[in-house]
2 protein chains.
Amino acid sequence: MISAIAQAMVIYGVTPSVGRIYGVLYFSEDPLTLDEIKDQVAMSKASVSNGIRELIDTEMVSKVWKKGERKDHYIAEKDFLRNFLNFFVKMLRLERGLIMKALEQTEPIIEELSTNGTDERVTKTATRDLDLMKDSREYLDWIMRLANSMESGEIFDYFPKKKE
Amino acid sequence: MISAIAQAMVIYGVTPSVGRIYGVLYFSEDPLTLDEIKDQVAMSKASVSNGIRELIDTEMVSKVWKKGERKDHYIAEKDFLRNFLNFFVKMLRLERGLIMKALEQTEPIIEELSTNGTDERVTKTATRDLDLMKDSREYLDWIMRLANSMESGEIFDYFPKKKE
DNA sequence: TAATTTATTTAATTTATATTAAACACATTA
DNA sequence: TAATGTGTTTAATATAAATTAAATAAATTA
């Protein structure tokens, strides 16, 4: 099961080692320390430290404090669905940011060429490119509506958590 | 714009070079040959060939036949939303396959330990693990319902393509 | 069928990424 | 404050991935 989880996480862009760290924490009954994880996954402490940081950054793992214990302890966020939604929202926002930035830089220039262009060839392709950019905006709008609904939980109105 | 598209595609796990190939085709007015692409992206023909194959495999590019021309020509699938949905459905199905396989292998064993286990410690953790696996199945069920709605187009009932 | 063009595969190289041992910084306790 | 335990950085190494030139295979034309 841990291997399968690690492999599945690879699809989401994490390295198999990091996936195994998550898998080990997922099935652990208690919070684990860096050293305990290190032993179970057979990696160096530095690697585990980096992996844990990545997992914390993506909110898949959190640090817990155990009284009397000096070492840090970590637990896995066990709600796969939450992890999934977190991942997606982040990914979609990132995509939007990248494309939007480029659109804002290029669209005015193409717009100008399209309306005031001197050469026939130029105005024609500029007009065509503007259409493509308009399509891009619609696409970005759609994925943002999806992302927002994932973040707010509205998506569960359409796809309930439990099938009746 | 081509750079931005390439960068955005990196999020979806393709290499920037392959992203650029797609970007070039996306803004090209006509279908392009391998050599024309090669010149525009400044890569070796072999790399372009591999990149094109990857893009065809993921249905982001298709080969078109131009009469009188010997070389193959390629065009980009311009519907970002379709590309997005294709990608997701494939990804979610892959994830389901991986986890399901592991579940089917391990669940019966843990089930057995849970009910007929001799040691108290064992039966307790087995029962707990079974719960986790049940949660996994529910998660897989949810993402499959999402994937199916993406494939069938049902998702557009809840998230229409054009905002009114 | 031979000659030529085109696309793909292979093997080697380059490049990027992940991993680690060792050094460091920070904290805790005696 | 000294001594030890803990986590993170750093610099070097090992591993994996992408890229290419050259060889091969497939297709087209003369």
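Here are a few questions and answers about this predicted model.

User: Which helix gives the most to the surface near DNA strand C?

Analyst: Let's start with the surroundings: 18 residues surround DNA strand C, and the closest include Ser17(A), Ser44(A) and Asp72(B). Three helices each supply at least two residues of this surface, namely α4 (45–57) of chain A plus α3 (34–41) and α4 (45–57) of chain B. The one that gives the most, with four residues, is α4(B).

User: How many charged residues does the surface near DNA strand C have?

Analyst: Sort the surface near DNA strand C by class, and you get four nonpolar and eight polar residues. The charged ones number six.

User: Are α2(B) and α3(B) roughly parallel or roughly perpendicular?

Analyst: Helix α2 (residues 16–27) of chain B packs against α3(B) with the axes 10 Å apart, at an angle of about 115°. Angles of 65 to 115 degrees count as roughly perpendicular. So α2(B) sits against α3(B) roughly perpendicular.

User: Which residues of α3(B) make the contact with α2(B)?

Analyst: The crossing of these two, α2(B) and α3(B), is right-handed. From α2(B) come Ser17(B), Arg20(B), Ile21(B) and Val24(B). From α3(B) come Ile37(B), Gln40(B) and Val41(B).

Technical notes:
Residues numbered from 1 in each chain as written. Chains lettered and ligands numbered in written order. Predicted model: local features only at pLDDT ≥ 70, side-chain atom pairs only at ≥ 80, totals over all residues. Near = placed C-beta within 6 Å. Nonpolar A, V, L, I, M, F, W, Y, C, P; charged D, E, K, R; others polar. Axes fitted to C-alpha atoms, helices over the stretch in contact; angles between N-to-C directions. Parallel < 35°, antiparallel > 145°, perpendicular 65-115°, else oblique. Left-handed = near helix turned anticlockwise from the far one by under 90°. Contact = placed C-beta atoms within 7 Å.
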